[in-house]
Structures are given as C-alpha cells and as structure tokens.
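The stops below are given in the order in which to select them.

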Amino acid sequence: MKRSNFWSWVWFILGVIYFLTPLIATLNFSLRMKKGVLSFMA
Amino acid sequence: METSGTRWQAEGASSPVRPSQSRLKLNWNWVGVAPFLLFAVLFMILPAGALLVGAFQDPAGNFTLQNIRDLSSDYIVNAYKLSISVSLVTAVGGALFGFLLAYAVTLGGLPQGLKSALLTFSGVASNFAGVPLAFAFISTFGRVGLVTIVLRDLLGVNIYDQGFNLYGFAGLCLTYMYFQFPLMVLIITPSLEGLRREWREACENLGGNTWHYWRYIALPVLMPALLATFVLLFGNAFGAYATAYALTGGMLAVVPIIIGMQIRGDVLFNEGLAYALALGMVIIMGISILIYSTLQARAARWRQ
C-alpha cells in the first residue's frame with residue numbers, strides 16, 4: 001500500500017511539474033518587458 | 001376504451017398488434033436520432049464528399065488524376081511519415097503517462113481533492129493548443145527559455161548542445177503532449193473508477209499477485225477504453241495545425257501545414273493537391289479506425 005502510494009505521488013508530482021512549468025515560464029516572460037527588472041508593463 | 005381493446009387483442013389476437021406498436025416506437029427513435037444524422041451529414045459526410053470530388057478536379061473543374069499522382073512525391077510522402085510518427089509518439093506517450101497519472105489520482109491512494117483539481121485542470125489543458133501553447137513552450141524550452149537557462153546556469157547543461165531542439169521532432173512531440181496527456185486523463189478516469197476494489201480482493205484471495213490482477217482482470221476490462229482513447233489521441237495529433245505552425249513556422253512539414261501552404265501559399269498554391277492531401281488524411285484515419293475496431297472486437301471477445 002505504502003509503495004503504491006509512493007509511486008502515485010511520483011507520477012502526480014511529475015505531471016504537476018510538466019503542466020505548471022510552461023505556465024510559470026510564460027508568466028515569467030510576460031513580466032520581463034523592461035530589461036533587467038520584473039514589471040507589469042506588458 | 002383503449003384498455004378493453006388492448007385486453008381483447010391480448011386475449012384473442014395478440015400478434016397483429018405488436019408490429020404496429022414496435023413500428024411506432026421505431027419511428028420515435030428515428031426522430032430522436034434525426035439531429036445527430038443531420039449533424040453527421042452536414043459536418044462529416046458533405047465535407048468528406050467535397051474532398052473526394054475536389055481531389056479529382058483540376059483548377060478548371062475537369063476530372064484529373066494528377067492530384068493523386070502528386071501525392072507520391074518524396075516531399076509529401078515524408079510529410080505523411082512525419083505526421084504519422086508525431087501522432088504515434090504523442091499518442092503512445094500521452095496514453096502511457098496520462099494513464100499513470102489518472103491511476104495515481106483514482107486508485108493510487110492520493111487525497112480526493114487532488115483528483116478533482118487534476119480533472120478540472122485537464123479539462124482546460126486539453127483545449128490549450130495553438131499559438132498560446134507554442135508560445136508557452138518557446139518561453140520554457142526555447143533557446144532563452146526558463147528551463148533552458150535554469151539548466152545552463154545551475155547544472156551547466158545546455159540542452160541545445162546535447163542535441164535537443166524545440167523546433168524539431170522532439171520539441172514538437174513534447175509540445176503536443178501538453179494537450180494529449182490531459183485528454184487521456186479525462187477519458188480514462190471514468191474507466192478506472194469502474195474498476196471494483198472487490199475484483200482485486202478476489203484476485204488476491206485466489207492467490208494472484210499484482211501481475212495476475214493486471215494481466216487477467218484490469219487490462220482486459222480497460223482494453224477497449226484504452227484502444228479507443230489511443231485512436232482519439234492519434235487523430236487529435238494528426239489534425240493539429242496551429243501548434244505545429246506556430247512552433248516551427250512551417251519548417252517541420254506535417255501534412256496539415258502542407259495543406260495550409262497549398263490553400264493560401266503564394267508559391268505553392270494548388271487547391272486540388274490540398275484536397276488530395278486531406279483525402280489522404282481521411283483515408284489514414286479510416287484505416288486507423290478500422291484497425292481499432294478489429295482490435296476492439298478482439299479485446300471484447302472475452303465478454304461474450
């Protein structure tokens with residue numbers, strides 16, 4: 001039971017990383033309109 | 001009045017009344033199906049018929065086989081190969097990881113809240129395609145993308161030096177997976193929920209282990225759903241146009257991109273060839289559905 005739980009968490013966390021990274025990267029990109037600082041300019 | 005009539009018929013001549021009743025019932029069923037039939041004719045049969053006609057016409061509208069002959073050029077054969085391999089890879093990958101993820105949240109013992117969160121997110125992500133998706137992956141895995149930079153600065157690994165290219169085959173597959181993966185989760189979750197805990201217990205009581213459970217119980221039960229989803233994922237990737245176009249700018253010529261070039265290109269304009277290409281896609285989808293129904297019939301044989 002514990003072992004299956006462990007693998008469930010592994011797959012779930014991998015899925016979360018895969019799903020969220022592009023969204024975070026897009027957000028990060030959109031905040032970088034001014035060079036060198038994070039801003040809401042865009 | 002009617003009751004007595006029915007009783008009289010039931011006593012005396014019950015057989016003549018049955019055909020008329022069943023015919024009446026059948027008629028109502030047809031009325032219920034009518035919107036679907038109308039939809040199928042308008043949005044599937046008519047367009048497919050137009051493709052079939054257009055594929056055998058030259059620009060002047062005369063009958064010709066030239067468009068079909070043009071399909072055998074290397075450029076187009078390679079495009080079909082590329083389209084099929086991208087679709088196969090992303091369908092297999094999406095099906096595999098989508099299944100594992102769906103299994104983790106339904107039967108894997110994770111908190112119930114995670115399942116509803118994942119399903120809601122999957123509903124959104126399975127429709128996240130086209131230019132926004134391509135942009136998201138460019139800002140993640142592009143040459144100055146977040147992950148590329150983080151890996152370079154923290155681990156000293158430049159993924160582009162290692163042979164990765166977002167604008168090539170691997171990158172396209174990675175990007176397509178973003179909508180394949182959640183689609184698999186959405187479709188397979190109800191099937192996984194249908195697996196009864198008692199079946200596993202029965203298997204264990206009879207001395208079976210995890211392998212026996214999957215080989216003889218869970219996989220045979222799930223197989224029809226898995227096959228159906230696989231074909232759906234294949235078709236989903238096969239027809240994707242905007243994502244591939246926005247990501248590679250037409251460098252990676254999958255069939256929908258070539259069709260796009262033939263319809264609105266300045267140089268390659270040839271509507272007849274576009275029709276023939278689309279007809280080829282319809283035929284490939286037809287063949288994959290045929291393979292699917294054969295496998296489906298075989299997978300469902302144990303039920304009879």
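This is a predicted model. Begin in chain B with helix H4, residues 74–106, and helix H10, residues 210–238: their axes come within 8 Å and cross at roughly 135 degrees. That angle makes H4(B) oblique to H10(B), since angles over 145 degrees would be needed for roughly antiparallel. The crossing in which H4(B) passes H10(B) is right-handed.

Now show the residues that make this contact. On H4(B), select Ser83(B), Val86(B), Ser87(B), Leu88(B), Thr90(B), Ala91(B), Gly94(B) and Ala95(B). On H10(B), select Leu226(B), Thr229(B), Phe230(B), Leu233(B), Phe234(B), Ala237(B) and Phe238(B). Coloured by class, the contact of H4(B) with H10(B) has 10 nonpolar and five polar residues, and no charged ones.

Centre the view on Leu277(B). Leaving aside neighbours within four places in sequence, Leu277(B) is in contact with Leu71(B), Ile76(B), Val255(B), Ile258(B), Ile259(B) and Gln262(B).

For a contrast, go to Val41(B), which sits in helix H2 of chain B, residues 14–55. Is Val41(B) buried or exposed? Val41(B) counts as exposed because it has 11 C-beta neighbours inside 10 Å, and the limit for exposed is 12 or fewer. Draw a distance from Val41(B) to Gly93(B): the two are 52 residues apart in sequence, and their C-alpha atoms are 34 Å apart in space.

Finish with chain A. Chain A has one helix and zero strands, and its C-alpha atoms fill a box of roughly 50 × 15 × 10 Å along the principal axes. Of its 42 residues, 10% are buried.

Last, display both chains and look at where they meet. The contact takes 16 residues from chain A and 19 residues from chain B. On the side of chain A that touches chain B, nine residues are nonpolar, seven are polar and none is charged.

Methods. Residues are numbered from 1 along each chain as its sequence is written. Chains are lettered from A and ligands numbered from 1 in the order in which they are written. This is a predicted model: local features need pLDDT of at least 70, side-chain atom pairs count only at pLDDT 80 or more; totals for chains, interfaces and linings use all residues. Axes are lines fitted to C-alpha atoms, for helices over the stretch in contact, and angles run from 0 to 180 degrees between N-to-C directions. Helices (H or I, at least four residues) and strands (E, at least two) are DSSP runs, numbered from the N terminus. Angles under 35 degrees count as roughly parallel, over 145 as roughly antiparallel, 65 to 115 as roughly perpendicular and the rest as oblique. A crossing is left-handed if the near helix is turned anticlockwise from the far one by less than a right angle, and right-handed if clockwise. Two residues are in contact if their C-beta atoms, placed from the backbone, lie within 7 Å. Ala, Val, Leu, Ile, Met, Phe, Trp, Tyr, Cys and Pro count as nonpolar, Asp, Glu, Lys and Arg as charged, and the others, Gly among them, as polar. A residue is buried if 20 or more other C-beta atoms lie within 10 Å of its own, exposed if 12 or fewer, and partly exposed in between; C-beta atoms are placed from the backbone.
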